[in-house]
Amino acid sequence: MFERFTADARQVVERAEREARFSGSPSIEAEHLLLALACGSGPVAHTLQGCGLDFDRTRAAIDDHFERTLAAIGIDAGGFALPPAPPSANPRFGASSKLALERALRAAAERKDRRLRSEHVLLGVLRAEAGTVPRVLAAEGVERDAIIARLERELAA
């Protein structure tokens, strides 16, 4: 599958793996792809930064989401000090990242693009209807439809 990825799209996947490993996650999920996209310096990162989602804000928003999720089931994440998670040795692709990459491939195919770029990866991440990424974006007041429209215009140019 990765043979169609441009160098920047491959770097996104590699950064997502590092993010998953750093956080101690056993799997690479869509939120790791979003973090990887936000920390770059290319057009995708600039698009996200233009919406107020730089790397630090994105990481904080994801952390806040997990704290809210735990609070919803009665766990106060700030109520006790946990040691940082040890880095994960070899995170595998999780369901949300697999689906995001499938949507990215579909986006490239719809546009008849031979190569999959980081813009396609972001489209794949943003087109999720459920999961962590849509909830994080909604909590941050980010209009994902506006980002999708902007990305589609950039891809058409």
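User: In which helix does E31 lie, and is E31 buried or exposed?

Analyst: E31 lies in helix α2, where helices (H or I, at least four residues) and strands (E, at least two) are DSSP runs numbered from the N terminus. Buried means under 20% relative accessible area, exposed over 50%, and partly exposed in between, with a 1.4 Å probe and protein chains only. E31 has 11% relative accessibility and therefore counts as buried. Please note that this is a predicted model, in which local features need pLDDT of at least 70 and side-chain atom pairs count only at pLDDT 80 or more, while totals for chains, interfaces and linings use all residues. Residues are numbered from 1 along each chain as its sequence is written, and side-chain values use heavy atoms, with hydrogens and water left out.

User: With which residues is E31 in contact?

Analyst: Contact means heavy atoms within 4.5 Å. Once neighbours within four places in sequence are set aside, E31 is in contact with I62, F66, S96, T132 and V133.

User: How confident is the prediction across the protein?

Analyst: The predictor's confidence in each residue is expressed as pLDDT, from 0 to 100. For this protein the mean pLDDT is 90, and 99% of the residues reach 70 or more.

User: Which residues of helix α7 are buried, and what covers them?

Analyst: Helix α7 spans residues 132-139, and its buried residues are T132, V133, P134, V136 and L137. The cover over these buried residues includes α2, α4, α6 (118-126) and α8 (144-156). After α7 comes G141, with a positive phi near 70°.

User: Where is E119 placed, and what does E119 contact?

Analyst: E119 is in helix α6. The relative accessible area of E119 is 7%, so E119 is buried. Beyond neighbours within four places in sequence, its contacts are D8, P43, V44, L151 and L155.

User: Is K98 buried or partly exposed?

Analyst: K98, found in helix α5 (residues 95-110), counts as partly exposed because its relative accessibility is 47%. K98 and V125 are 27 residues apart along the chain, and their C-alpha atoms are separated by 9.9 Å.

User: What is the volume of the largest pocket, and which residues lie nearest its centre?

Analyst: On a 1 Å grid over the protein atoms alone, a pocket is an open set of points where a 1.4 Å probe fits, with protein on both sides within 12 Å along at least five of seven lines; lining residues have an atom within 4 Å of a point. Grid points are joined across faces, edges and corners, and a volume is the space filled by probe spheres set on the points. The largest pocket has a volume of about 720 Å³. Its lining has 20 residues, with S23, R59, D63, F66 and A85 nearest the centre. Helices α1 (7-23), α2 (30-38) and α4 (55-72) each supply at least two lining residues, and α4 gives the most, with 6.

User: How many disulfides does the structure hold?

Analyst: A disulfide is a pair of cysteine sulfur atoms within 2.5 Å. The structure holds 0 disulfides. The sulfur of C39 is 17 Å from the closest cysteine sulfur, that of C51, which is too far for a bond.
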